Amino acid sequence: MSAIAVSTTINGDDTEFLCQAEETLLDVLRDRLGLTGSKEGCGTGDCGACSVIVDDRLVCSCLVLGAEAEGRRIETIEGMANGEDLHPLQSKFLEHAALQCGVCTPGFLIAARDLLEKNPNPTEEEIRFGLAGNLCRCTGYDKIVRAVQDAARVMKGS
Amino acid sequence: MNFDARYAAQSFKSVGTRPIRPDGVDKVTGRARYGADFNMPGQLVGCILRSPHAHAKIEKIDTSKAEKLKGVKAVITATDLPDLTNGDAAMYDILDNCMARGKALYDGHAVAAVAAIDARTARQALKLIKVRYKVLPHVTDVDEAVKPSAPLVQNDVFTAGVDPRPTKPSNIARRSQYGHGDVDAGFGKADIIVECSYRTEQTHQGYIEPHACVASVNSDGTAELWVCTQGHFVFRQHCAGLLGLDVSKLRVTSSEIGGGFGGKTHVWIEPVALALSRKAGRPVKLVMSREEVFRASGPTSATSIDVRIGARSDGTITAALATLRYSCGPYDGMWAEIGAMTAFACYDLENVRSVGQEVLVNRPKTAAYRAPSAPMAAFAVESAIDELAGKVGMDPVALRIKNAAKEGTRSSYGPVYGPIGIGPTLEAVQKHPHMNAPLGRNQGRGMACGFWFNFGGQTCTDLNIGVDGTVTLAVGTVDVGGSRASLSLVAAEELGIPYEQVKAVIADTSTLGYNDMTDGSRGTFSSSMATISAARNAIAVMKERAARMWDIPVKDVDWEDGHARARGKKHGNLPPLSVKDIAAAAPKTGGPIAGHSELVADGAGVSFATHICDVEIDPETGATKVLRYTVVQDAGKAVHPDYVEGQYQGGAAQGIGWALNEEYIYGEDGRLQNPGFLDYRIPVCSDLPMIDTQILEIPNPNHPYGVRGVGETSIVPPLAAIANAVSNAVGVRMTHIPMSPPRILAALDGKKAG
């Protein structure tokens, strides 16, 4: 079967790739484009480790086909920092020790940024439900919630 | 150089602070490389074919069609992994688990594997492999498996540890026993006896990163393995042994690890990937799917435990007895034995006996899961202790304090305790405001204690001082939760330099001496001991160099606050030399400066915790909400308190999932029905409250800074603490974990009917 040619934008850069029809966006990001920051924890949309933004919408990239990226704007963890300047969420995750193994962290950061963009002033409960699509097995979520709360405070002030 | 590991009280400058971890930026930017994030030139994709049957004879495997498929470069079966174990039964079991030899022993057992040019071709090839099975009767339930009528999982296993040796094979692979005193006499002295049976279901470690590796075997007998593992040196030995490679020619690099919790202390796919690479003559990447992770890696034991405890009317326990049956999967383990050792470890008991039975079942091989075996035993015993408190009419905390083990107590598993934290954690809980907070309707509070041994073991560390005075610390214990930060703090403390001038890395198996795995909460305990030793050796070198720079006797040189200082009035005008000064002069004073350490870290101090939990039950649905949770645990010395708290919180969260929701569900056909995160639901953010922590520091006398392991104990009390809370909320003793909504509704219905 011949491959599909796709033109898209990833983290602001025009990007072209070839993929098979059954390949997921996550497969394409990781295996064809070398963007391995998005992780595959389940492949079934249950863990959120592969979270990316497609046209302002938070999705599990394991549930999106690579071919569906045609003409879209994709944002991944690799584009979250501005050069050497970390996004406030990235800084606060480090300050609050909101990661242990770190494999869920890219997904949490993408989901948390999306949450704060839509709701800059979330309650603890809104943070907990907003991040309920992302599994973390190490932290018990306590320090993640605190990092997001602190980042929200900083982002409002800036 | 002789190293004195004894604790010495001191005030710390670096240890106890909370700096940002050295691997942090890589992990928040997506640059950190985990098991599946690495590739090699010419790499193939590996896939494993797994048994759909719980128990079946493999009569024939026909791989011919798969081999002919374009793009397939290798197909292997057990024949390609010949038995080189030389009578080592434990290694043979590992080999058999990696690739079934003659019989498939559980749903998900590997039977063949392929390597192909891409995933699509590999998947197609799996479908072309024809396996002829003869399905055999199976047993998956731990209580069913011990019945004389149960199908035998292994035909040649006779219960070990009983005298005389049985004449018939059994699914009870081994019996073990611990304790002391005269239990029968002890029960004779009791005014009150409680007795109950408890069950816990099988759970998975649930690390978010599936097992993944890249293997490359060369024609000259050398090989490389990139893998997510808790112990790359152990993986090297196991893989080299199973593949017939020289240990020194297999270089294993541990990737960043996306969670392990014990599940990544065992080899599963790695020998298969190496065998595929050897046959294909190309590197092979092999990554488990989540379904494979559930069906064929982990999990912990399912258990069935009987407990009997007797006490005088003043609450003094006179006798304690437990029989613990733990499922091991199809191979002998030591899971029930560990349960038997830990069951009564919190208490000072005159008469105690615990008996463990390792039970074979047609489920995946049981793997270590954070303080393996202890949470289930603690669930049974701490539930019984609460029952006892109720019967005696004592406050549960007071009854535990009355019977708590202390320094000098002979533990139920043998050794006599040094200074320990069970009493202090109980006293802290007794004083904690959480214990006196008001409770509402349908709400209940529970507390429980937990114990874990903590391990030490073989450890090797290199500390190299760069020409600019900054320090590279190379350790061999895999960092699963922030230990590079802790070990950098320890090096900074010892050398007297800022934390930022130390960079800790995990060395691969070819660049550092052997290290045991990161298991048993040993990582920071053992490697910090080796780091202190290595730093002191480096300081000795720096003192010699300073002496040479000053041209004075080395005995006149002291080390203080990161500087060499010339002692005595005769050298009074010499300004101190910093690490940077000495490092800059190193090329002219004798060359590179380094400190090494190879040691066996003995004396890991035992660890205790006490947890408090508030829950609310919805009587309509049977659902439980955890309202408040408090962890009190002894850390010995918290090197990086953020990551100590993180361990406390993470263990509690895993325990909450285990207590309320997580379980392997098998059908009548012996197949796992919920091998995914949708149906095997681990706690999500909205399921949990904040988890409060209180760190106690009772120094471990066998570590220079007093450090104890902290990683595992936190998962021991939650099952019991939550069961006690739920039992108090519903007014019925809950004896079956998880306390899922159907079980709670059944308990409520039973109460109404009763």
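Author: Two strands count as paired if DSSP finds at least two bridges between them, and the strands (E, at least two residues) and helices (H or I, at least four residues) named below are DSSP runs, numbered from the N terminus. The structure is a predicted model, in which local features need pLDDT of at least 70 and side-chain atom pairs count only at pLDDT 80 or more, while totals for chains, interfaces and linings use all residues. Residues are numbered from 1 along each chain as its sequence is written, with chains lettered from A and ligands numbered from 1 in the order in which they are written.

Reader: Which residue of β5(A) is the bridge partner of Ile53(A)?
Author: Strand β3(A) is joined to β4(A) by 4 bridges in the antiparallel sense, and there Ser51(A) has Cys60(A) of β4(A) as its bridge partner. β3(A) also pairs antiparallel with β5 (residues 73–75) of chain A, over 2 bridges. In that pairing, the partner of Ile53(A) is Glu75(A).

Reader: Is Asp56(A) buried or exposed?
Author: Asp56(A) lies in the loop between β3 (51–54) and β4 (57–60) of chain A, and it has a positive phi of about 70 degrees although it is not a glycine. Asp55(A), in the hairpin of these strands with its 2 residues between them, takes a positive phi near 50 degrees. A residue is called buried if 20 or more other C-beta atoms, placed from the backbone, lie within 10 Å of its own, exposed if 12 or fewer, and partly exposed in between. With 10 other C-beta atoms within 10 Å, Asp56(A) is exposed.

Reader: How many charged residues are on the side of chain A that touches chain B?
Author: Taking two residues as in contact if their C-beta atoms, placed from the backbone, lie within 7 Å, the contact has 43 residues from chain A and 42 residues from chain B. Elements giving two or more residues to the chain A side are α2 (88–95), α3 (105–118), α4 (124–130) and α5 (142–157) of chain A, and α2(A) gives the most, with 4 residues. Sorted by class (Ala, Val, Leu, Ile, Met, Phe, Trp, Tyr, Cys and Pro nonpolar; Asp, Glu, Lys and Arg charged; the others, Gly among them, polar), this side has 22 nonpolar and 12 polar residues, and the number of charged residues is 9.

Reader: Within what arc do the buried residues of α16(B) fall?
Author: What covers the buried residues of helix α16(B) includes β17 (457–465), α14 (483–495), α15 (523–550), β21 (563–566), β22 (577–578) and β23 (593–601) of chain B, whereas Pro587(B) and Lys588(B), on the other side of the helix, are exposed. The buried residues of α16 (579–589) include Val579(B), Ile582(B) and Ala583(B). Seen down the axis, with the arc taken over the directions from the helix axis to the C-beta atoms, the buried residues line one face of α16(B), because they fall within an arc of 100 degrees.

Reader: Which element gives the most residues to the side of domain 1 of chain B that touches domain 2 of chain B?
Author: An automatic or database domain assignment gives chain B domain 1 (24–32 + 456–601) and domain 2 (422–447 + 605–754), with centres, taken over C-alpha atoms, 39 Å apart. In their contact, 14 residues of domain 1 meet 15 residues of domain 2. Two or more residues on the domain 1 side come from each of α14 and α15 of chain B, and the element that gives the most, with 5 residues, is α15(B).

Reader: Which strands stand at the edges of the open sheet of 7 strands in chain B?
Author: The order of this open sheet is β3-β5-β1-β12-β9-β10-β11 (chain B), with mixed pairing. Each edge strand has a single partner strand, so one side of each is left without a neighbour in the sheet; these strands are β3 (72–76) and β11 (250–254) of chain B.

Reader: What is the omega of the cis peptide bond from Ile737(B) to Pro738(B)?
Author: Pro738(B) is placed in the loop between β27 (736–737) and α19 (741–753) of chain B. The peptide bond from Ile737(B) to Pro738(B) is cis, with omega near 5 degrees.
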